[in-house]
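Biologist: I'd like a close look at a single part of this one. Could you walk me through it slowly?

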Amino acid sequence: MTKHKKDEYKCPLEATMEIIGGKYKGVIIGHLINKTLRYNELQKLISHATPKMLIQQLKELEADGIIKRKLYPIVPPKTEYSLTKRGETLIPAIIELNKWGMNYLKEENIPCAYKGDMD
């Protein structure tokens, strides 16, 4: 259990947003859909996140059972991240949030470097 979990919530959405609502958590989950990525790959994909913030968000997602971290005891150390079964249940929601964001950006005429498709 992470330190941010409460003993009681007013609604389920409050709990959901506490788990995935961090600045980069949804983005991390999106990048890990059907993939395993090393820390440095995630860092390149989310280059605007400071290393400290990225590590913090990864640790929180791991503590909440959304991602798993595999550390290879080699020199230099190699760390890989992937979604857990619980994390995989978020894929449909993350895909829909991505679609919503794409539509919003189009409607507001805001440029976006992302050209991929999550589904």
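Which residues is Ile-29 in contact with, leaving aside its neighbours within four places in sequence?

Modeller: Quick caveats before I answer. This is a predicted model, so to speak: local features need pLDDT of at least 70, side-chain atom pairs count only at pLDDT 80 or more, and totals for chains, interfaces and linings use all residues. Residues are numbered from 1 along each chain as its sequence is written, and side-chain values use heavy atoms, with hydrogens and water left out.

Now, Ile-29: with those sequence neighbours set aside, its partners are Ile-20, Leu-61, Ile-66, Leu-83, Leu-90 and Ile-94, where contact means heavy atoms within 4.5 Å. Ile-29 is also among the residues with the most contacts inside the largest nonpolar core, which has 23 residues. Such a core is a set of buried Ala, Val, Leu, Ile, Met, Phe, Trp, Tyr and Cys residues joined through side-chain atoms within 4.5 Å, and buried is under 20% relative accessible area with a 1.4 Å probe, protein chains only. Elements that each supply at least two residues of this core include α2 (25–31), α4 (51–63) and β3; helices (H or I, at least four residues) and strands (E, at least two) are DSSP runs, numbered from the N terminus.

Ile-67, another of the residues with the most contacts in that core, has Leu-83 in β3 as its bridge partner. Here β2 and β3 (residues 78–83) run antiparallel over six bridges; two strands pair if DSSP finds at least two bridges between them. They belong to an open sheet of three strands, ordered β1-β3-β2, with β1 (37–38) and β2 (67–72) at the edges.

Terms used
Buried means under 20% relative accessible area, exposed over 50%, partly exposed in between (1.4 Å probe, protein chains only).
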